[in-house]
Amino acid sequence: MALPPPVFEGSEKRLEVTFANAALSANALGLRLLPRSSIDELMTLARCEVLSHTRGTAFDAYVLSESSLFVFPHKLVLKTCGNTKLLAALPRLLAHADALGLTPRCVRFTRFAYLFPALQPDPHRAFEDEASTIDAALINVQHFAHRSVSVAPCSGDRDDALYHVYVAAANEAAAVPEGATLEVCMSGLDPAYCANNFMHDSFDGCAKKTTE
């Protein structure tokens with residue numbers, strides 16, 4: 001019996017959590033003090049794993065099995081695609097940050113409309129459920145006074161091209177992003193170019209074709 005072709009959810013979920021601490025100087029390591037075991041724990045909760053890690057002067061960068069993770073002294077940015085459970089890592093992240101003496105300043109969750117929402121794990125099938133999950137994780141963050149949830153259309157040729165944004169913060173000023181973010185979601189690509197991302201012979205050969 002012929003099986004249906006596998007599908008992969010390309011729309012990325014993005015979680016950005018910033019923290020504040022009066023004692024966090026420019027040279028303090030903050031979240032970068034989290035040991036690798038704690039990072040692995042968070043990624044396991046999110047249903048992905050670390051493939052490689054690079055330590056820079058300003059932040060740590062992790063290549064994940066489903067996208068990437070960036071850890072700054074005062075901020076963590078987690079981006080995952082596929083059928084990951086990114087929000088499952090949020091409560092544990094807040095607990096780890098609290099142990100380091102860091103206070104949440106802003107939690108921002110964004111994503112493009114899923115291509116296959118019915119195949120997402122709970123609570124990612126609906127944006128309302130994702131927002132409720134974040135609310136539950138922040139139930140004890142009593143100093144958060146600002147919350148906004150929005151769904152906006154994006155440019156493109158898809159009728160369901162919607163961008164979802166959840167923001168909870170200590171105040172409106174804390175909710176303002178530190179910089180502009182550009183995200184591009186592509187679909188309907190030429191099969192000839194897409195074929196470069198599949199392993200047909202050796203890994204080295206495929207890697208060269210992918211980066212041509």
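**Group meeting: a walk through the model**

Okay, let's start with how this chain is put together: if you take contacts between residues at least 6 apart in sequence, 66% of them join residues at least 24 apart. Keep in mind that what you see here is a predicted model.

So what's in the chain? There are six helices and eight strands. Reading from the N terminus, the order goes β-α-β-β-β-β-α-β-α-β-β-α-α-α. The chain has 212 residues, and 36% of them count as buried.

Now, empty space. Rolling a probe the size of a water molecule over the atoms shows where such space is left. How many cavities of 30 Å³ or more does the structure hold? One. The largest cavity has about 40 Å³ of space in it. Around it you'll find Leu-15, Leu-42, Met-43, Leu-76, Leu-78, Ala-89 and Leu-93. Sort those by type and you get seven nonpolar residues, no polar and no charged. Helix H1, that's 36–45, gives at least two residues to this lining, and so does S5.

Strand S1 (13–20), S5 and strand S6 (103–112) each put in at least two residues, and the largest share, three residues, comes from S5.

Last stop, one residue I'd like you to click on: Thr-84. You'll find Thr-84 in the loop between strand S5, which covers 75–80, and helix H2, which covers 90–99. Is Thr-84 buried or exposed? Buried, because its relative accessibility is 1%, and the cut-off for buried is under 20%.

So who's around it? The side chain of Thr-84 makes a polar contact of 2.7 Å with the side chain of Thr-80. Leaving out residues up to four places away in sequence, Thr-84 also touches Lys-13, Ala-46, Arg-47, Cys-48, Glu-66, Gln-120, Pro-121 and His-124.

Key
Residues numbered from 1 in each chain as written. Predicted model: local features only at pLDDT ≥ 70, side-chain atom pairs only at ≥ 80, totals over all residues. Heavy atoms only, no water. Helix = DSSP H or I, 4+ residues; strand = E, 2+ residues; numbered from the N terminus. Buried < 20%, exposed > 50% of the residue type's maximum accessible area, 1.4 Å probe, protein only. Polar contact = N/O pair within 3.5 Å; in protein donor to acceptor, adjacent residues only side chain to side chain. Contact = heavy atoms within 4.5 Å. 1 Å grid on protein atoms, 1.4 Å probe; cavity = no way out; pocket = protein on both sides within 12 Å on 5 of 7 lines; lining within 4 Å. Points joined across faces, edges and corners; volume = space filled by probe spheres on them. Nonpolar A, V, L, I, M, F, W, Y, C, P; charged D, E, K, R; others polar.
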